[in-house]
Amino acid sequence: MAYALQKILKSASGGIVTRAFSVSAVQKSSEHPNGFNFELNDTQKEIQAVARKFAREEIAPAAPHHDRTGEYPAELVKKAWELGFVNPHIPEHCGGLNQGVFDACLVGEELAWGCSGIATAIGSSCLGQMPVILTGTKEQQKKYLGRLIDEPLVAAYGVTEPGTGSDVNGVKTRAEKKGDEWILNGQKMWITNAGVANWYFVLARTNPDPKCPAAKAFTGFIVDRDTPGVTPGRKELNMGQRASDTRGVTFEDVRIPKENVLLGEGAGFKIAMGAFDKTRPPVACAATGIAQRCLDEATKYSLERKTFGVPIAHHQAIAFILADMAIGVETARLAWMKAAWEADNGIRNSYSASIAKSYAADVANKSASDAVQVFGGAGFNSEYPVEKLMRDAKIYHIYEGTTQIQKLVVSRSVIDATKSVA
Amino acid sequence: MARVLVGVKRVIDYAVKIRVKPDKSGVVTDGVKHSMNPFDEIAIEEAVRLKEKKLASEIIAVSCGPTQSQEVIRTALAMGADKGIHVEVSGKDYETLQPIHVSKILAKIAQNEKVDMVIVGKQAIDDDSNQTAQMTAAVLDWPQATFASKVEKGDKEITVTREVDGGLETIKCKLPVVISADLRLNEPRYATLPNIMKAKKKPIAKVTPKDLGVDVSPRITVVSVEDPPVREPGVILPDVDALVAKLKEGGHV
C-alpha cells in the first residue's frame with residue numbers, strides 16, 4: 001500500500017525535485033505553470049464576499065424561525081435565486097452561469113455557515129438538475145433548465161425509496177413502456193424539495209428481469225410535478241435542517257412522454273452515479289460551513305464567558321477544543337477544494353470527493369458537539385445557536401452517500417491502486 | 001438621459017477594530033480588511049437606480065488611490081456601473097491625499113467625460129471630511145445637493161430632499177449638479193453572481209493626477225495619530241442636589 005501511495009505522489013508532483021541546499025532564493029517549483037496554488041483569484045474572492053454577506057445578513061437572522069417552524073424559506077430562496085446562487089451549473093445556452101463546482105462550493109460553504117437547512121433549500125435544486133446538465137439533450141436542457149432561470153423554480157432528485165437508499169440496485173419504482181409513453185409506478189422517500197419542486201429526476205427500473213445487471217436495468221426520467229398521479233407526501237419532521245422540504249413522493253400510473261427519458265432506456269444507473277462526483281463536493285463544503293460556524297460561535301462565547309476569574313478561552317482545555325475545531329475546518333476545506341478542483345479540471349474525483357464528504361461530515365459533527373460543550377448548559381438550550389448546529393450536522397453522515405458508502409469507495413480505490421501495481 | 005460620475009473610495013471595512021501604529025504616524029492598514037466606503041455604495045446604488053429608470057445613460061465609477069483601489073471599482077462595476085477610471089495615487093502621495101486634491105481630480109474627469117451628475121458619498125468613514133462633494137461643485141461652479149436622502153430627476157433639473165440639523169429641506173437644482181449621498185437615500189443591492197462575471201469584461205481606464213493636470217503635493221503634514229482618551233468611569237451620586245452641584249463644578253451648567 002505504501003508503495004502504491006508513493007507512486008501516486010510521485011506522479012502528482014511531476015517527479016522528485018532535487019534540492020540544492022542553498023540559503024539564497026528558494027527554488028519554487030510551484031511558480032511554474034500548473035503548480036500547487038492555495039490562493040483564490042479576485043473573482044472568486046468577490047463571489048465569496050457576496051455569499052458571505054448574504055449568509056450573515058439574510059440567512060443567519062432568519063434561521064432560528066425556520067428551524068422552529070419548519071417553514072420553507074421561499075423568500076430567501078427567491079433572493080438567492082436573484083443573486084445567482086441557486087443555479088450555478090446551468091449551461092450558457094439556457095441562460096445559465098455555467099459556473100464550476102469550485103466556485104459554487106465557495107458559495108455553498110458561506111451559505112451553510114448561515115444555516116445549512118436554508119442552504120440545502122437553496123442548493124439542492126442542483127442535485128436534481130445534474131443528470132439533465134450532464135446527459136440531457138439540448139431540447140431537454142432548454143425546456144427544463146431554462147425554466148429554472150426564468151423563474152425561481154427548483155428541481156428535486158428522486159432515487160431513494162422507503163426500501164432502498166445505499167443499494168441503488170434495489171430501486172423498485174418501475175416504468176413500463178406503453179406506445180410513446182412510459183407508465184411510472186412506485187414510491188420515493190426522503191426527497192429534498194419534493195413538496196416545492198417544479199420537476200423531478202426519477203430513477204426507475206425499466207427491465208423487470210432480476211438477472212439484468214444494474215448497469216442496464218434502470219432508466220432516468222424527467223417528471224413534471226403537475227403530471228397526474230404524482231403525489232408528494234407530508235413534510236417530514238426531521239432532527240435538523242428543518243427549513244429544508246423533505247418528503248416521500250408516490251407515483252401512480254404517471255404517464256411520461258418518451259422525450260423525457262435521459263440518454264436512453266437502461267442508462268439510468270450510470271447517470272445517477274455520475275452526478276455524485278459533482279454533487280459530493282458541495283455537500284462536503286456545506287459541512288465545512290457548519291464546522292466554521294461552530295468554531296466562530298464557540299470562540300466568541302469563550303471570550304465572553306468567565307470562570308475562575310478569566311474568560312474560559314484562557315483555560316487550555318477550552319483553547320484546545322477550539323484548536324481541534326480549527327484543525328478540522330482547515331483540513332476539511334482543503335479536502336473539498338481538491339475534490340471540486342478535480343471535478344472542474346476533468347479529473348476523475350470519486351476518491352477525493354468521498355474523502356472530502358466523509359471527512360467533512362465527521363468534522364462537522366465533532367465540531368458541533370464540541371461547540372455545545374464549550375457553551376456548557378447554555379449550549380444545550382434552544383436560545384443559543386449551537387444545539388441547532390449539532391442537530392443539523394448529523395445528516396452529513398447520511399445523505400449524498402452514507403459515511404459507510406464513502407469508505408467503500410475510498411477503500412476500493414486504495415485496494416485497486418495497489419492491485420494494479422503488483 | 002444623464003451621464004453620471006460616481007466617486008468611490010477604498011477604506012478600512014467598517015467592522016474592523018482600528019489600531020494605531022506604534023510610531024503614531026497613522027493607523028495599521030497592512031493585512032486589514034478594506035471595502036467600499038458605505039456612503040459610496042449608496043451613491044452607486046442611486047446611480048444604478050437612475051439608469052434602471054432610464055434617467056441615466058452611463059455610469060462611470062472613479063477611485064483615487066493605489067492599485068488596490070481597483071477592487072472597489074470592480075465592486076461598483078458588479079453593482080451596475082458601466083466603466084471605471086482608476087486614478088493612480090500611491091505611497092507618500094496617497095497618505096496626504098485630501099479632498100482638495102480629489103475634488104480637482106473629479107472635476108477634471110467630470111469635464112472630460114461630459115457628465116451631468118456627480119454623485120459621491122457624503123463623507124468617507126476614515127477621514128469623515130465631508131468636503132469632496134462641496135469642493136467639487138465649487139471647482140466646477142455647479143450647484144450642490146448634499147446630504148441627499150431623496151433624489152427625483154426631472155428633464156433638466158433635480159429635486160432633492162436633504163437631511164439637515166433642523167429636519168428635512170427640499171431643494172431644486174439645475175443640471176449639471178453634484179450630489180452627496182446620505183444614509184437613508186437607499187439600501188444598496190448585493191452584487192449578483194452574473195453581474196460579477198459581467199463586470200470582468202467592463203473596462204477600467206488608468207490615469208495619473210499628472211495626466212489630469214492636478215497637483216497632489218501635500219498641503220498638510222500628519223503630526224501624530226493617537227487613540228482617543230480612555231473613557232473615564234462614571235460616579236454614582238447620592239441625590240439630585242449632588243448631581244447639580246457636580247455639574248456646576250464642572251462648568252457644564
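Some housekeeping: residues count from 1 along each chain as its sequence is written, and chains are lettered from A and ligands numbered from 1 in the order in which they are written. Because the model is predicted, local features need pLDDT of at least 70 and side-chain atom pairs pLDDT 80 or more, while totals for chains, interfaces and linings use all residues, and side-chain values use heavy atoms, leaving out hydrogens and water.

Let's start with the rings. Phe, Tyr and Trp rings (for Trp, the six-membered one) pair when their centres lie within 6.5 Å; planes under 30 degrees apart are stacked, over 60 edge-to-face, and the rest tilted. By that rule there are 12 aromatic pairs over all chains. Take A:Phe54 and B:Tyr190: their ring centres are 5.8 Å apart with planes at 75 degrees, so this pair is edge-to-face. A:Phe54 sits in helix H2 (residues 42–69) of chain A and B:Tyr190 in the loop between strand S10 (177–181) and helix H6 (193–199) of chain B, so the pair joins two chains. Helices (H or I, at least four residues) and strands (E, at least two) are DSSP runs, numbered from the N terminus.

Buried or exposed, what is A:Phe54? A:Phe54 is buried, at 0% relative accessible area, and B:Tyr190 is buried too, at 17%. Buried means under 20%, exposed over 50%, and partly exposed in between, with a 1.4 Å probe and protein chains only. Ring pairs also bring in A:Phe85, giving a cluster with A:Phe54 and B:Tyr190.

Now to B:Arg189, which lies in the loop between S10 and H6 of chain B. B:Arg189 is partly exposed, with 25% relative accessible area. Its side chain makes polar contacts with the side chains of B:Glu45 at 2.8 Å and B:Glu52 at 2.7 Å. A polar contact here is an N or O pair within 3.5 Å; within protein, one atom must be able to donate a hydrogen and the other to accept it, and residues adjacent in sequence count only if both atoms are side-chain atoms. B:Val48 is 141 residues from B:Arg189 in sequence, yet 9.7 Å away in space, C-alpha to C-alpha.

Finally, A:Glu161, in the loop between strand S1 (155–158) and strand S2 (174–178) of chain A. A:Glu161 is buried, at 5% relative accessibility. Which side chain does A:Glu161 join in a polar contact of 3.0 Å? The partner is A:Lys188. Thanks, everyone!
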